[in-house]
Amino acid sequence: MTRLIFLGPPGAGKGTQAKKLSGACQVPHISTGDIFRTAVAQETDLGIKAKAYLETGELVPDALTLGLVRERLTAADTSNGWLLDGFPRNVAQASFLDTLLQELEQPFECVVNMEVPDEVVIARLVQRGKEEGRSDDTESTIRNRLKVYREETEPLIDFYRNRQQLVSVDGNKPVEEVTEELIKVVQP
Ligand code: AMP
């Protein structure tokens with residue numbers, strides 16, 4: 001059973017690592033960012049409402065986010081576990097997740113905190129913007145996403161550390177080395 005939450009700034013490699021582990025552990029990679037990007041591209045109701053937040057790097061309001069996480073974590077393919085990437089992103093989301101997982105009787109193993117220095121994160125995001133054409137990987141949006149991360153998401157490090165649920169991993173290493181570290185975390 002693998003249930004992990006990935007925490008870290010944008011560009012820390014959460015998505016890259018979650019995708020790799022998802023293949024290795026045969027559990028779904030659940031990225032709220034991917035769900036929102038798909039919704040925006042498909043111009044669904046959710047996408048239309050979420051678009052401006054993604055473009056500026058603000059958090060999509062909890063009123064739109066919590067419901068979709070509940071829906072995703074109650075889907076049939078999550079019975080063997082999941083890897084959560086990009087959720088929770090603030091204390092209210094973390095409390096919601098606690099309640100939801102209690103209700104579903106799905107305790108998670110730990111929160112992986114991917115540590116990467118700011119300058120590395122910025123360089124990676126600028127590069128990704130060029131390679132993948134992600135519209136939120138532009139310099140001003142990147143700056144705002146880091147600000148939002150610091151103000152809203154970073155407090156979750158202490159939130160989980162105080163509960164002895166945090167495992168920090170050095171994300172400033174080659175992708176394969178980070179994956180090896182993470183496999184040790186899931187298969188100690
Ligand atoms: P990500 O791909 O995780 O960096 O997310 C891209 C964007 O999607 C973020 O900048 C937010 O606008 C939005 N987003 C993703 N996850 C969340 C979340 N848990 N709560 C609110 N907004 C989110």
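**View 1. The loop holding Pro-88, between β3 and α5.** Pro-88 belongs to the loop that runs between β3 (81–85) and α5 (91–104), where helices (H or I, at least four residues) and strands (E, at least two) are DSSP runs numbered from the N terminus. The peptide bond joining Phe-87 and Pro-88 is cis, with omega about 0°. Most peptide bonds are trans, and most residues other than glycine have a negative phi. This is a predicted model, in which local features need pLDDT of at least 70 and side-chain atom pairs count only at pLDDT 80 or more, while totals for chains, interfaces and linings use all residues. Residues are numbered from 1 along each chain as its sequence is written, and side-chain values use heavy atoms, with hydrogens and water left out.

**View 2. The shell around the ligand.** The ligand is surrounded by 17 residues, of which the closest are Thr-32, Arg-37, Glu-58, Gly-86 and Gln-93; a residue is counted as near a molecule if one of its heavy atoms lies within 4 Å of it. By class, this shell has six nonpolar, five polar and six charged residues, with Ala, Val, Leu, Ile, Met, Phe, Trp, Tyr, Cys and Pro taken as nonpolar, Asp, Glu, Lys and Arg as charged, and the others, Gly among them, as polar.

View 3. An oxygen atom of the ligand is 3.5 Å from a polar side-chain atom of Arg-134. Taken alone, the ligand exposes 480 Å², and the protein buries 96% of that (accessible areas by the Shrake-Rupley method with a 1.4 Å probe; for residues, only the protein chains shown count as cover). The elements that give two or more residues to the shell are α2 (32–42) and α3 (45–56), and α2 contributes the largest share, four residues.

View 4. Glu-43, in the loop between α2 and α3, has a phi near 55°, a positive value in a residue other than glycine. Glu-43 counts as exposed because its relative accessibility is 62%, given that buried means under 20% relative accessible area, exposed over 50% and partly exposed in between (1.4 Å probe, protein chains only). Gln-164, in the loop between α8 (155–161) and β5 (166–170), likewise has a positive phi near 55°, and Gln-164 is exposed, with a relative accessible area of 73%.

View 5. Ser-31 is placed in strand β2 (residues 29–31) and counts as buried, at 7% relative accessibility. A polar atom of the Ser-31 side chain lies 2.8 Å from the backbone nitrogen of Asp-34.

**View 6. Glu-154 in the loop between α7 and α8.** Glu-154 has its place in the loop between α7 (139–153) and α8 and is partly exposed, at 34% relative accessibility. Glu-154 and Leu-7 are 147 residues apart in sequence, with 8.6 Å between their C-alpha atoms.

Note on methods: Polar contact = N/O pair within 3.5 Å; in protein donor to acceptor, adjacent residues only side chain to side chain.
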